Amino acid sequence: MRWFPLLKEFDIDIQDRKGSENKMEDHLSRLEEGRSHDGLEINDFFPDEQLLAISMKEMPWFADFANYLVCGIILVDFSSNQRKKVKQDFHDYYWDEPYLLWICTDAVIRRCVPEEEQSEILGTCHSSSYGGHHGGPRIETKVLSCGFYWPTLYKDVSELVKHCDECQRAGGISKKNEMPLTTILEIDICDVWGIDFVGLFVRFCRNTYILIAVDYASKWFDVVAFPNNEARS
């Protein structure tokens with residue numbers, strides 16, 4: 001009975017059993033009160049009074065809409081403006097147990113994702129084998145196309161890309177790190193030429209390769225086509 005005040009907050013059913021079926025409990029009940037069989041003090045200290053307490057997770061961001069859709073309940077500590085906002089915005093949501101769905105502006109229904117699932121979804125769409133470490137808009141589109149939504153999606157994607165080491169290493173070269181460009185000195189016509197070898201193309205008139213020569217001074221260019229065997233020689 002000494003533990004009854006601590007246990008009464010739980011919905012439990014106490015059933016009595018015979019001593020022959022509970023040998024340990026029957027042995028303890030026959031000991032002298034406050035003493036063990038070897039003369040040592042019995043420790044009655046309860047190590048953790050909250051041992052059987054139910055741990056509550058953080059309420060998801062859509063808890064207010066889910067409560068109102070399912071039970072018609074709004075938190076008591078809400079102000080009048082907050083109550084009006086919940087009643088006004090709940091038309092965009094749809095409850096399909098156990099998920100809350102949001103009807104987006106593009107008329108697509110997406111599932112509202114709680115906070116503990118958001119990081120896993122972002123990681124899969126960004127750094128998985130088919131993620132590709134793309135930029136913010138591409139990741140946002142991928143998440144929405146998968147049917148997920150939460151209000152801070154765009155902000156979370158931006159922070160993810162900023163703190164991704166692989167994305168930052170593969171980013172574009174800034175003006176500070178660009179190599180300086182040098183101009184080509186052009187003195188006379190046909191003094192400096194640029195030649196480019198292009199091919200293999202679809203065979204046309206026995207020709208499969210093209211040789212392009214451009215004069216830097218006059219921008220005059222000449223194109224020469226030749227067959228495959230000449231290109232190899």
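Look at Asp215 in this predicted model: leaving aside its neighbours within four places in sequence, it is in contact with Ile189, Cys190, Asp191, Val192, Trp193 and Trp220. You'll find Asp215 in strand S6, which covers residues 207-215. Its relative accessibility is 0%, so it counts as buried, given that buried means under 20%. The side chain of Asp215 also has a polar contact with the side chain of Ser218, at 2.6 Å.

The biggest contributor is strand S5 (residues 193-204), which gives three residues to the patch. Another member, Val224, sits in strand S7, residues 221-226. Val224 has 37% relative accessibility and therefore counts as partly exposed.

Glu97 and Pro98 are joined by a cis peptide bond, with omega at about 5°. To spot Pro98, check the loop that runs between strand S1 (93-96) and strand S2 (99-103).

The next loop to visit lies between S2 and strand S3 (109-112), and it holds Ala107. Ala107 isn't a glycine, yet its phi is positive, at about 65°. Is Ala107 buried or exposed? With 64% relative accessibility, Ala107 counts as exposed, because the cut-off for that label is over 50%.

Key:
Residues numbered from 1 in each chain as written. Predicted model: local features only at pLDDT ≥ 70, side-chain atom pairs only at ≥ 80, totals over all residues. Heavy atoms only, no water. Helix = DSSP H or I, 4+ residues; strand = E, 2+ residues; numbered from the N terminus. Buried < 20%, exposed > 50% of the residue type's maximum accessible area, 1.4 Å probe, protein only. Polar contact = N/O pair within 3.5 Å; in protein donor to acceptor, adjacent residues only side chain to side chain. Contact = heavy atoms within 4.5 Å.
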